[in-house]
Amino acid sequence: MNETRMRPVVLDGRTLTRAVAVEAARGRQGTYPEVRLEAGTRARLADLRTRVERAWLRPGAAPVYGFHTGVGGLKDRLVPPEEARAFQLEYLRAHAVGVGPLLSPAEVRATILVKSNNLARGHSGVRPEIVEGLVSMLNLCVHPLIPAQGSMGASGDLAPLAHMGLVLSGDSDAILDESGRPQASARARGFKGVSLEAKEAMALTNSASVIHAIGLLAVTDAENLLKAGDVAAALSCEAMFAEAGAFDARLQESRGFPGQMAVAENVRRLREGTGRADEAG
């Protein structure tokens with residue numbers, strides 16, 4: 001195993017790259033890199049949550065949507081403080097209405113990673129336990145059953161992320177096994193659910209983390225296919241003794257298409273020094 005490529009993934013909410021996210025999502029031969037929070041992130045999240053509680057969750061604070069009220073059509077319905085925890089689960093259950101085929105383990109892992117990194121910034125005001133719980137899901141290979149259909153797009157992946165949230169909260173135990181089938185248990189893998197406090201259920205669902213996750217995997221696959229296409233083109237040229245002049249940089253620049261110039265450059269690099277075609281004069 002290449003230990004350099006499987007080094008731990010450290011989340012700070014700002015520096016996660018697509019390449020690292022894809023590796024953490026797909027792993028290598030059934031093995032995934034450890035995911036952890038950057039040192040100091042927990043204290044920062046705890047401090048931000050304290051500010052949220054002092055400003056909006058203190059006794060007598062003015063009602064705020066999602067903090068003290070229901071959502072959507074229930075926005076004017078107050079949620080008593082003693083019912084705040086119960087409301088978090090009811091919120092998730094009400095939104096977990098996805099349908100269709102299940103997301104793959106890689107798509108689920110990418111979703112959890114993107115969501116963890118998003119929350120690690122601290123802008124959502126959740127407790128550090130929420131982010132730590134999501135990270136634990138990744139490290140224990142707890143991959144919730146997330147239906148592929150039901151996203152509201154720019155309004156948020158409310159339904160699919162609610163399915164994730166139910167497993168995080170311990171309200172659901174059903175997860176994917178190693179083959180991507182819904183036949184495993186989160187508890188059997190040692191995962192302990194995290195009790196949700198006021199506003200945290202909404203913070204879990206209000207983002208496009210699923211679309212983001214699927215997109216970053218798709219872009220990576222597309223780039224790999226383009227590279228494979230360049231290799232196939234270069235090999236075909238070699239087999240046919242094709243003239244290198246067709247890929248001359250001057251010809252590509254005259255047409256002005258950046259993608260075409262990049263492909264031609266790569267094909268020239270792949271064929272460099274083979275001796276199976278004359279160079280352009």
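**Exercise 1. Is His143 buried or exposed in this predicted model, and what is it in contact with?**

*Solution.* Start with the accessible area. The relative value for His143 is 4%. The cut-off for buried is under 20%, so His143 counts as buried.

His143 sits in a loop, the one that runs between α5 (128-139) and β4 (147-149).

Finally, look for partners beyond the sequence neighbours. With those within four places set aside, His143 is in contact with Tyr32, Pro105, Val108, Arg109, Ile175 and Leu176.

**Exercise 2. How many residues does α5 have, and which of them are buried?**

*Solution.* Begin with the length. α5 has 12 residues. From first C-alpha to last, α5 reaches 17 Å, which is close to the 16 Å expected at 1.5 Å a residue.

Now pick out the buried positions. They are Pro128, Ile130, Val131, Gly133, Leu134, Val135, Met137 and Leu138.

Then ask what these residues pack against. The strands are β1 (9-11) and β2 (35-37), and the helices are α2 (41-56), α4 (105-120), α6 (158-168) and α7.

Cys141, which follows α5, has a positive phi near 55°. As for confidence, α5 is where it is highest in the chain, at 98, while helix α9 (residues 249-255) has the lowest, a mean of 93. The average pLDDT of the chain is 92, and 96% of the residues score at least 70.

**Exercise 3. Lys199 and Phe241 each have a positive phi. Where does each one lie, and is each buried or exposed?**

*Solution.* Take the two residues in turn.

- Lys199 has a phi near 80°. Lys199 lies in the loop between β6 (184-185) and α7 (200-205). With a relative accessibility of 14%, Lys199 counts as buried.
- Phe241 has a phi near 55°. The loop between α8 (209-240) and α9 holds Phe241. Because the relative accessibility of Phe241 is 52%, and the cut-off for exposed is over 50%, Phe241 counts as exposed.

**Exercise 4. How many cavities of 30 Å³ or more does a search of the whole structure find, and which residues line the largest cavity?**

*Solution.* The search finds 1 cavity of that size. The space in the largest cavity is about 30 Å³.

List the lining next: Gly66, Val71, Phe87, Gln88, Tyr91, Lys199, Ala201 and Met202. The elements giving two or more residues to this lining are α3 (84-95) and α7. The largest share, 3 residues, comes from α3.

Last, sort the lining of the largest cavity by class. There are 5 nonpolar, 2 polar and 1 charged residues. Lys199, met in the previous exercise for its positive phi, is one of the lining residues.

**Exercise 5. How much space lies in the second largest pocket, and which residues lie nearest its centre?**

*Solution.* First the volume: the second largest pocket holds about 280 Å³ of space.

Then the lining, which is made up of 14 residues. Nearest the centre of the second largest pocket are Leu57, His68, Val79, Pro81 and Ala84.

Conventions: Residues numbered from 1 in each chain as written. Predicted model: local features only at pLDDT ≥ 70, side-chain atom pairs only at ≥ 80, totals over all residues. Heavy atoms only, no water. Helix = DSSP H or I, 4+ residues; strand = E, 2+ residues; numbered from the N terminus. Buried < 20%, exposed > 50% of the residue type's maximum accessible area, 1.4 Å probe, protein only. Contact = heavy atoms within 4.5 Å. 1 Å grid on protein atoms, 1.4 Å probe; cavity = no way out; pocket = protein on both sides within 12 Å on 5 of 7 lines; lining within 4 Å. Points joined across faces, edges and corners; volume = space filled by probe spheres on them. pLDDT = per-residue confidence, 0-100. Nonpolar A, V, L, I, M, F, W, Y, C, P; charged D, E, K, R; others polar. Expected span 1.5 Å × (residues − 1).
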